[in-house]
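Take a look at the chains before reading on.

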There are 2 protein chains.
Amino acid sequence: MDGGIDHLADERSKAEFDVDAMKLVWAGSRHAFDVSNRVSRLVATDPVFEKRNRAVMSRKELFKNTLKKSVHAWKIINELRLSDEEAIKLRSFMDQPGFLDLHWGMFVPAIKGQGTEEQQKKWLSLANKLQIIGCYAQTELGHGSNVQGLETTATFDPKTDQFIIHSPTQTSSKFWPGGLGKVSTHAVVYARLITNGKDHGVHGFIVQLRSLDDHSPLPGITVGDIGMKFGNGAYNSMDNGFLMFDHYRIPRDQMLMRLSKVTREGKYVASDVPRQLVYGTMVFVRQSIVSNASNALARAVCIATRYSAVRRQFGSQSGGIETQVIDYKTQQNRLFPLLASAYAFRFVGEWLKWLYTDVTQRLEASDFATLPEAHACTAGLKSMTTSATSDGIEECRKLCGGHGYLWCSGLPELFAVYVPACTYEGDNVVLQLQVARFLMKTVSQLSSGKVPSGTTAYMGKAKHLLQCSSGVQKGYFFTDTCRRFILVISICFLNYNVEHAAEDWLNPDMVLEAFEARALRMAVTCANNLSKFENQEQGFSELLAELVEAAIAHCQLIVVSK
Amino acid sequence: MDGGIDHLADERSKAEFDVDAMKLVWAGSRHAFDVSNRVSRLVATDPVFEKRNRAVMSRKELFKNTLKKSVHAWKIINELRLSDEEAIKLRSFMDQPGFLDLHWGMFVPAIKGQGTEEQQKKWLSLANKLQIIGCYAQTELGHGSNVQGLETTATFDPKTDQFIIHSPTQTSSKFWPGGLGKVSTHAVVYARLITNGKDHGVHGFIVQLRSLDDHSPLPGITVGDIGMKFGNGAYNSMDNGFLMFDHYRIPRDQMLMRLSKVTREGKYVASDVPRQLVYGTMVFVRQSIVSNASNALARAVCIATRYSAVRRQFGSQSGGIETQVIDYKTQQNRLFPLLASAYAFRFVGEWLKWLYTDVTQRLEASDFATLPEAHACTAGLKSMTTSATSDGIEECRKLCGGHGYLWCSGLPELFAVYVPACTYEGDNVVLQLQVARFLMKTVSQLSSGKVPSGTTAYMGKAKHLLQCSSGVQKGYFFTDTCRRFILVISICFLNYNVEHAAEDWLNPDMVLEAFEARALRMAVTCANNLSKFENQEQGFSELLAELVEAAIAHCQLIVVSK
């Protein structure tokens, strides 16, 4: 609104779809829409959740402000007896990373997933009442993606029935855990389990870090905040921390013993609980990241679209009103694909929810057949959607010109708080390499007659897809707003011929086949090039960049097909 | 250094070039290197210039810290009688945007360029002694790129021999000027000059904003700080401001009258000083932006390269030391082109210095023939290098994984402080459209036999470039680190055939011809498509995106050729 004129009303009146119906589509269901609507109002009308002053707060003020909000949210959730669904919504509308995110999001689930019933009973009851506050101490200064390379040790001492937790080097310092720097009293610590001189690899342990009386770090524990991070607010509201152990002792029963245990005598015993269950959890976490990507991108696109409608510049012939920025092709070509992506990520996120349910049901019936495909698919989509979203938010910021650089545009904060999604829960490049390994395996099995399924079903049409042509009239390249999209496809085909009429690109089947042919050809080319190497690992290492591109093409196909 | 081991020494020992000689190449000359070296030590050893605590300061503390540094720098420059070259270096090593940047960089040059000798004598003497502090108030809330659309008015009142400066609308509020929010006592204000009821377009006026006694805004002036901007430190050390005038009066002789004036009677008189001189200044400012781009990108690449050498992850076969991240092709493919770009921007920046000298000499001899080409070339290079640099800094941040997200990596701050370069001194998209207009004009003149010169000389070879083929063996695409670079070229040729041996791409002439053919073909295609429209402006508007791409291709050619 400016001087009583609503510059957006005219644009809104032009909508060619039913806006209320679209709201439900976006929310996923009438129920989800109602929950979201109700909880958002709860947060918006509560003065404790006020966000306006965040930018000018010092780090300390910001941190204290977040403590207050996190605890307030917890109280409301209890007082109003909110459901899990409502509680998650409330925390997301709070819109400020806080120490309790890790307590609820990682510490509690780790105990639920890896603790015995006895351990769950003891620790979850304390955690649920916030009598202890926990974080998730996995990443070390020198070890992120390569979890198997963690250096912290947990050596069993049969004399005292204790584990000795120790940080042998500087690179073994725990680094990054949210909630660790200032707040957490406990952590689930991942360390190499050593008993009878043998290293059994990385396991989880519940470790008390600070006194429950005066909150001071316990003897043998060095802990602190890792300092400022990207942006003004963003994750500076969170106390990401570092942690070192100096021969710190914990009782044996604080090893999380559902999947494997150490006996009083120091014997290592693996249980018969299938290890694949861990992957089920990863599918869950990553599908929620994909949903969050569509939310974050939608917020940015919403700001940039409104700005583009209101902002006018140039184009006035006779001193009249200038042209709306949204009417420039240069603006449309950058903004509209992002708008489309926000919707696409929404739909693929909804499909991933179904996939998670499906995988869970199969796991419960001990059917692990679809797990590798589901795992590759969620890993790849997590990577693709978070990269596209963080780049997309920054693009939206640029689309708002100088004004996008102002904190009050909302975009700098959104960018700074979003980009860690490219790193946490799996580095985006490393994840695509996992997808690539799965694709190479699938391609290699084609010749042995194994029928690919799920998101790789298209590979069953390999013969057709390797030979088919598609087409667009060349002139079309230069007159349509879909130009970039089409160009990208055309390029990637290399000898995928350009013949058909331009309108054919409006046929979803033809677009889908183009994406399928592209993904398949890139995968097959990689596989052929790999086969030229005697040493497979060396070949993989030489072809890393091509493999990542083939994996991304596969993921883009999934998004287009859902 | 970690536990006494210098992880970088091994990498450094592998350099295949003379590092000391390269330092001089980078600096431009032995003299430039010595100046840089000497001044950097001066700044590094002076405790007032300490930067370490910036991240944890509140906005107010940061602002006061910057005031102190800016004034300290000014004192040192005077006390040590530093040359202009040394003073510029010192302010750049201070590495913190401050209110005096605009005083020295815009306010003083505007008076020098547009003020009469009398005006220069009066105002520059006050400005040089900091008895007044000035800023540059051009951009308005609703008007950035389109300077001709500014709304602030300066109406001559013959009764009082004064101009009445007025902000008629909300969108006419001055917005963004650095130094305006808190510090400046004066501003060069751009406003529409109106006399005898006639609008003579935008002109500059020296306007006092605040009292020299108590620094309070003068009656009729509303002024303040526009609030937080992107990032934690970055431009938050600067008091970018807003400004509104309510029929504010200034004496007639505060209009900058070198290029045109208003007489006591209110008559508007244009001088015979050529208007083209303004473009000479723009060439100068933009060449310094290109040099700064190479500095900023080099800093980011330096951090990311060192990190990539030190960081190890995966690849250990038997519990030994892990693989250096720099040895992964995925890392190399992203990092090395940025390293190459930093050098390329350096060399093209040095060439632009020559161009500026050449243009200046020609202007002094009233030779304006090369000006359009020089103007298009610097506008395009400003756009291309600043876009590539800001994207490149963010890419370097990503290349440092989680650690790049830490403020102490230096990358978040570098990004936040750099990105405004894409907007100031000409929005990057708008600038490429100016280049495109120039290219279309050049293409249209080819048929009339006009020989293109300077950076468009290659267009004289149009016949050859439109027909020639080049080539790379296809297999080469998938094994070489230059792959992306080659792919980009190949793609853009569309029917530029792929035939020759791969090694030919190491031949600079062949690479240069490929870039020339690409730029020419894109420009000619745009020109052909434009000619299909009856209304040229409508055609331009429909083809905006293609025109920008053709302009970028032209700029990339310039960078490759220098």
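What rotation superposes chain A on chain B? A rotation of 180 degrees, with 0.0 Å of shift along its axis, does so with an RMSD of 0.0 Å (least squares on the C-alpha atoms of residues with pLDDT of at least 70 in both copies). That is the relation of a two-fold axis. Both copies use the same surface, as 100% of the contact residues of chain A recur in chain B; contact means heavy atoms within 4.5 Å.

This is a predicted model, where local features need pLDDT of at least 70 and side-chain atom pairs count only at pLDDT 80 or more, while totals for chains, interfaces and linings use all residues. Residues are numbered from 1 along each chain as its sequence is written, chains are lettered from A and ligands numbered from 1 in the order written, and side-chain values use heavy atoms, leaving out hydrogens and water.

Now to a residue from the record: an unreviewed UniProt entry places the feature "active site" at Glu425(A), and such annotations may be inferred rather than shown by experiment. Glu425(A) lies in the loop between helix H11 (411-418) and helix H12 (428-446) of chain A; helices are DSSP runs of H or I with at least four residues. Beyond residues up to four places away in sequence, Glu425(A) touches Met106(A), Val285(A), Arg286(A), Ile289(A), Lys382(A) and Leu431(A).

The table gives accessibility (buried is under 20% relative accessible area, exposed over 50%, partly exposed in between; 1.4 Å probe, protein chains only).

| Residue | Relative accessibility | Class |
|---|---|---|
| Glu425(A) | 26% | partly exposed |
| Cys468(A) | 9% | buried |
| Cys422(B) | 12% | buried |

For Cys422(B), the nearest cysteine sulfur belongs to Cys555(B), 14 Å away.

Conventions. Helix = DSSP H or I, 4+ residues; strand = E, 2+ residues; numbered from the N terminus. Disulfide = S-S within 2.5 Å.
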